[in-house]
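I opened my notebook next to the viewer today.

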Amino acid sequence: MPPAYRTVRGFIDRLLRLFFLEIAVEGLERLPKDRGGLFIAGHPNGLIDPALILVSFPGQVIFGARHGLFSWPLVGTLMRKLGVVPIYRASDVAGMPAAEKKAANERSLDALAHELARGSFSALFPEGVSHDDPYLAEVKTGAARLYYRARELRPEGSPPPAIVPVGLHYDRKNVFRSRVLVTFHPPEPLPPALDIDPGADETAHRAAVKGLTALIEARLTQVTGATEDWETHHLIHRAGRLIRAEMEARAGGQHRDPDLVEARLAYERIWTGFQARRVSAPDRVRDLVGRTARYDRCLRSLAMEDHELGAAPKVVSPWLVALFLLQVVAVYLLFPPILVVGFLVNAGPYWLLKAITRAVSGARKDEATVKMLGGAILFPLTWAFAAVGALFVHHRVREWFPSIPDLPVLVVLTTLALSIVGGWLALVYSELAGETMRALRVRFLRRR
């Protein structure tokens, strides 16, 4: 792995882990060891999607991205350092002659294909565009053409590259401190009809590209759990939470939030059954969807979760009181100076970043990208300005009180530490306070 790639990858990894509360990865053991591979994935979250594949895969990944992104500030620089290959889409180069478009696109595919043929891993998003829909956009033929080109270029006797579906599962893709799961699925087996010889004629090649594109679309539909609308998507998740809560209640156990892998498995199983049963038993499925939707509306109106319906109807838990008192002691006795500094320094850039996100983001798919990149610039600049301001105040105070020690480095480091730690404490406290107040509200609601 080149040093520049490793440095940029580490920088992006830190940004992602600051934005997401949890990044879980599964399936690395399924990746082939004797060949390269082409990662294919849905594209629901802008530049966050390739960034997650980048930091989740332990080796180097060669990405292809539309050439217009290379002109973006910061983004273009990072992409060049990572060795991203520009892809020239017809819709992006409308003024270019047809022959030049084709030549530029072929050069891009050849650059990626050579990497795949040498045993590297590459990644493409076959839809060619990021979006907010719960279903796939039209899957382009680029991934299939890239795969067959890599087969042609591979050294004689070496195995062909693998096609590896990747699932990107966000609980709230545009929300700070949310969670995400990256799943590397087993390589997709190629049907005999698509396992064509590199020297096949043009007709056979076109038929194979079309067939592989259809296979990729079908597999990504399964991996993403695509639905025709968001209501169905949310109801499948609701059904998973309902079943889990019922199983816990029958077993007499305490509720435990599922981890990301468990939540994905629950959705996948219900989605698979839903797809099958609405063909074999459409009337029963429509009735089930209607009843689940009514149940969902009731819980939303109460602002409660499924497992909270079966909880013991206690108004107050001793542990909640202890936690609340501990928070009061920490906030009012131990952390006031740090919290005040953290709030004063970080509140401004926080609200400014929210305003920038609303103004710049054209859709939800862009919000996390704007927040992460904007925060990476805005917050460090704010901390630096706070340190300079503290240093200025320190010099002015020394003019009035010369006996104060001249420790400019200590003033700067202390201000930076208070700004960062204070912001983190304010965030943690707000989360704990929110959880406590929610638990108390649910218990009072149940008693009423």
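**Entry 1: a residue inside helix 7**

I began with Arg 238, which has its place in helix 7. The model I am reading is a predicted one. Is Arg 238 buried or exposed? I found a relative accessible area of 3% for Arg 238, so it is buried, the cut-off being under 20%. Next I listed what Arg 238 touches, leaving out residues up to four places away in sequence. I wrote down Thr 292, Tyr 295, Asp 296, Leu 299, Arg 300, Glu 305 and Asp 306.

**Entry 2: further along helix 7**

I stayed in helix 7, which covers residues 230-251, and went to Glu 248. Glu 248 has 13% relative accessibility, so I noted it as buried. Which residues does Glu 248 touch, not counting those up to four places away in sequence? I got Gly 253, Gln 254, His 255, Arg 256 and His 307.

I looked at two of these partners again. The side chains of Glu 248 and His 255 are joined by a polar contact of 2.9 Å. His 307 is 59 residues from Glu 248 in sequence. In space, the two C-alpha atoms are 8.1 Å apart.

**Entry 3: helix 7 against helix 8**

I then turned to helix 8, residues 260-280. Helix 7 and helix 8 pack with their axes 9 Å apart, at an angle of about 115°. Angles from 65 to 115 degrees count as roughly perpendicular, so that is how helix 7 stands to helix 8. Their crossing is right-handed.

Which residues make this contact? From helix 7 I noted Thr 232, His 233, Ile 236, His 237, Ala 239, Gly 240, Ile 243 and Arg 244. From helix 8 I noted Glu 262, Tyr 267, Ile 270, Trp 271 and Phe 274. I sorted the residues of this contact into 7 nonpolar, 4 polar and 2 charged.

**Entry 4: helix 5 against helix 6**

I moved to another pair. Helix 5 spans residues 142-153 and helix 6 spans residues 202-224. Their axes come within 8 Å and cross at roughly 125°. That angle makes helix 5 oblique to helix 6. Helix 5 passes helix 6 in a right-handed crossing.

On the helix 5 side I listed Ala 143, Ala 144, Arg 145, Tyr 147, Tyr 148 and Glu 152. On the helix 6 side I listed His 205, Ala 208, Val 209, Leu 212, Thr 213 and Ile 216. By class, the contact of helix 5 with helix 6 has 8 nonpolar, 2 polar and 2 charged residues.

**Entry 5: helix 12 against helix 13**

How do helix 12 and helix 13 cross? Helix 12 runs over residues 364-400, and helix 13 over residues 408-447. Their axes come within 9 Å and cross at roughly 140°. I therefore noted helix 12 and helix 13 as oblique to each other. The crossing of helix 12 and helix 13 is right-handed.

In helix 12 I found Trp 383, Ala 384, Ala 386, Ala 387, Ala 390, Leu 391 and His 394. They meet Pro 408, Val 411, Val 412, Thr 415, Leu 416, Ser 419 and Ile 420 in helix 13. How many residues of each class are in the contact of helix 12 with helix 13? I counted 11 nonpolar, 3 polar and no charged residues.

**Entry 6: a residue in helix 11**

I looked up Leu 339 in helix 11, which covers residues 336-360. Leu 339 has a relative accessible area of 14%, so it is buried. Leu 339 and Trp 424 are 85 residues apart in sequence. Their C-alpha atoms are 8.8 Å apart in space.

**Entry 7: two loop residues**

I checked backbone angles next. Arg 177 is not a glycine, yet it has a positive phi of about 70°. Arg 177 lies in the loop between strand 6 (162-170) and strand 7 (179-184).

Ala 303 is not a glycine either, and has a positive phi of about 55°. I found Ala 303 in the loop between helix 9 (282-302) and helix 10 (318-334). Is Ala 303 buried, exposed or partly exposed? Its relative accessibility is 37%, so Ala 303 counts as partly exposed.

**Entry 8: the whole chain**

Last, I took the totals. The protein has 13 helices and 7 strands. Of its 448 residues, 39% are buried.

How values were computed. Residues are numbered from 1 along each chain as its sequence is written. This is a predicted model: local features need pLDDT of at least 70, side-chain atom pairs count only at pLDDT 80 or more; totals for chains, interfaces and linings use all residues. Side-chain values use heavy atoms; hydrogens and water are left out. Helices (H or I, at least four residues) and strands (E, at least two) are DSSP runs, numbered from the N terminus. Buried means under 20% relative accessible area, exposed over 50%, partly exposed in between (1.4 Å probe, protein chains only). Contact means heavy atoms within 4.5 Å. A polar contact is a pair of N or O atoms within 3.5 Å; within protein, one must be able to donate a hydrogen and the other to accept it, and residues adjacent in sequence count only if both atoms are side-chain atoms. Axes are lines fitted to C-alpha atoms, for helices over the stretch in contact, and angles run from 0 to 180 degrees between N-to-C directions. Angles under 35 degrees count as roughly parallel, over 145 as roughly antiparallel, 65 to 115 as roughly perpendicular and the rest as oblique. A crossing is left-handed if the near helix is turned anticlockwise from the far one by less than a right angle, and right-handed if clockwise. Ala, Val, Leu, Ile, Met, Phe, Trp, Tyr, Cys and Pro count as nonpolar, Asp, Glu, Lys and Arg as charged, and the others, Gly among them, as polar.
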